[in-house]
Amino acid sequence: MNAIEFILAGMLAAATPFLLAALGELVVERAGVLNLGVEGLMAVGAVIAFIIVYHGGGHFLGFIAAGFASAALSLIFALIALGFRANQVATGLAIGILGQGLSALFGKTYESLTVKGLPKIAIPGLSDLPVVGGLFAQDIVVWLSLLATLAIWATFAFTKTGLVIRAVGENPKAAHAIGYPVIGVRVAAVAFGGMMAGFAGAYASVIYTPLWADGMIAGRGWIAIALVVFGTWLTGRIFLGACLFGAVSLMSLAAQATGLDLPSQLLSSLPYLVTILVLGIISADRRLLKLNGVASLGEPFER
Amino acid sequence: MTNLTRRTLMKAAAATGLAGALGGRMAFAADEPLGITLVVPSPIGDVGWGHALSASLEPIKAAYGDKVKVTVLENIMEGPDADRIMNKTVADGNKFLIAGSFGYQNGALQIARRNPDVTVLHASGFQIAPNFTPFAAKYFQGSYLLGMAAAAMSKTGKLGSVSAFAIPELITTINAFTLGAQAVKPDIEVSVVWVNSWFDPAKEQEAAKALIAQKCDVIFSNAQDTPSVISACEDAGVYSFNLNSSMKKYAEKTYLGCVATDWSPFFKASVEDHLAGTFKGRNAFLGVAEKVVQVVDWNPAIPADLMTKIKETEAKIADGSFSPFTGPITKADGTEGVAAGATMTDPEIVAMDWHVKGVTTPLPK
């Protein structure tokens, strides 16, 4: 396997934790809510899934429980930020810190333990191709997260549900005036975002790096939030950004392994630089940026 | 409550002053237990750096019983928070502080200066004071031995290392690993991936996979606190080893061995000196000779004749008749590193900032 094959084979799996969390945050922000607690929500999902898989509950149950646990924590955010109309930035940060603390607490006795990941499912024919073959052999969650990307894109592009979420985010007063439950839609969006962050954390702790260690999310939640902004709230661009970030981080490691004469500090920062640069260039049109941005993002709604 | 603490503190200070004046043994430990506090930056698991340090306190607990009171503070971020926590534990009357990370250096040194009756041991630093001893392990002695084994087990002739940061301590372990491998197979090559993080299991695993994709078939997990690299190597069927504490249970088949550290001889001697009032700050750079560095859990698949050679080398390192860093050693850029017959001194080793020939990855500047 050469470096290119290595990058192609690992790219989608490396992108999946970012992609799942960013898709969740996309829906939350489209509804006009800014939840900065993704890092903590991922950590809670990661530890819950790990505990269940470790005790033999299986990966499916682990993911379900992780989704519920993180959704439950995000509902506390919803209660404070939407119910009591507290500042969303501060509330999100607090929930994020709470999540990280809870994950450390639950995971205390599981520190540095390992579980088995999931086997890869190959697409017959395509996975035998030279060079690109590895791209078509991924675990089930990678395939499902690709489906989720499509589903969320289609929801915003074609369905009434998507339009309602966008209306609530763009102009909550108008949405309220024509009879949509603004708070209800926002709470549902926050819970969905929490669930996706839980899945993202679960993927990190029981499939991608099948072990638990306190702090293992290591900033991935923040990158997911950044991807939503740099992807200008568009599903396709967020997908592209996540893949790019995954691919370039693998590339920076592969470059070192092959002995390329570049400083490793530069290589380590490359994923951030390239992702910002590429997404910055494709969203350079200010008019479009304003069009895609969510007008009421972070503003509390009062009738 | 405050009064009581202050009075206790004054009594202890007076006692130490007296002990100092007498210059001899003082058994004030009978009065109240000696408070020993260990502070580490990471959570303590079953393996890793923090585990190695806290496990090394167990023999002291066993030896002194209720004459010592051991407190372990884990997951303490380097920086102001650590300074506050260390000050608090000293104010609570603990007289023996083990600061388990390089980043605690300034805060711990201030505590040592302000409290002459407190003994401080500090991990991998360079500052010394009368009551402040930096300690570090000669991991390179162990990684040399594992390099010999790695060369014999490798079929591709390519070895790899997932390494945290390009600091001298980790550069020397890679260099000794390479030299040990070359002692068995002269043209063997070593690739290094610097993850530029002390703790990111996912990235460490990606790095291990990147090395395996480049046909490296023995991987050195250089300073990772979790079995991230070790378990990825077991899944891929390549040999691996690590530092500090054994991770054999994560890789039953492909675990090559562990450069383990046992700090208990050093901790115990330091506690004894503290109680006797004879503690002196020094640079404690400890290795195989002091039984602080020990290679354990050798893989049974290593050929027996090579194992005999490895054991001979280990004995020579222990009695000081052999050092991995004896010339001639050529640098990776082709210039002379160590002249023929010369041996690097400890201060030269702790400042090493170049790779030996055979390490194919350029060193970050």
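Helix α6 (residues 139-153) of chain B lies across β6 (158-163), β8 (218-222), β9 (239-244), β10 and β12 of chain B. α6(B) runs at about 175° to β10(B). Axes are lines fitted to C-alpha atoms, for helices over the stretch in contact, and angles run from 0 to 180 degrees between N-to-C directions. This is a predicted model: local features need pLDDT of at least 70, side-chain atom pairs count only at pLDDT 80 or more, and totals for chains, interfaces and linings use all residues. Residues are numbered from 1 along each chain as its sequence is written, and chains are lettered from A and ligands numbered from 1 in the order in which they are written.

**Sheet of chain B**

- Six strands form an open sheet with mixed pairing, in the order β7-β6-β8-β9-β10-β12 (chain B).
- Strands (E, at least two residues) and helices (H or I, at least four) are DSSP runs, numbered from the N terminus.
- The edge strands, β7 and β12 (293-296) of chain B, each pair on one side only; pairing takes at least two DSSP bridges between two strands.
- On average, neighbouring strands of this sheet are turned by 15° against each other, direction ignored.

**β10 and β12**

- Strand β10 (residues 255-261) of chain B runs antiparallel to β12(B), joined by four bridges.
- Ala260(B) has Gln294(B) in β12(B) as its bridge partner.

**Contact with chain A**

- In chain B, 35 residues are in contact with 31 residues of chain A (contact: C-beta atoms, placed from the backbone, within 7 Å).
- β7 (189-194), α8 (201-213) and α9 (228-236) of chain B each supply at least two residues of the side touching chain A.
- α8(B) gives the largest share of that side, nine residues.

Key
Contact = placed C-beta atoms within 7 Å.
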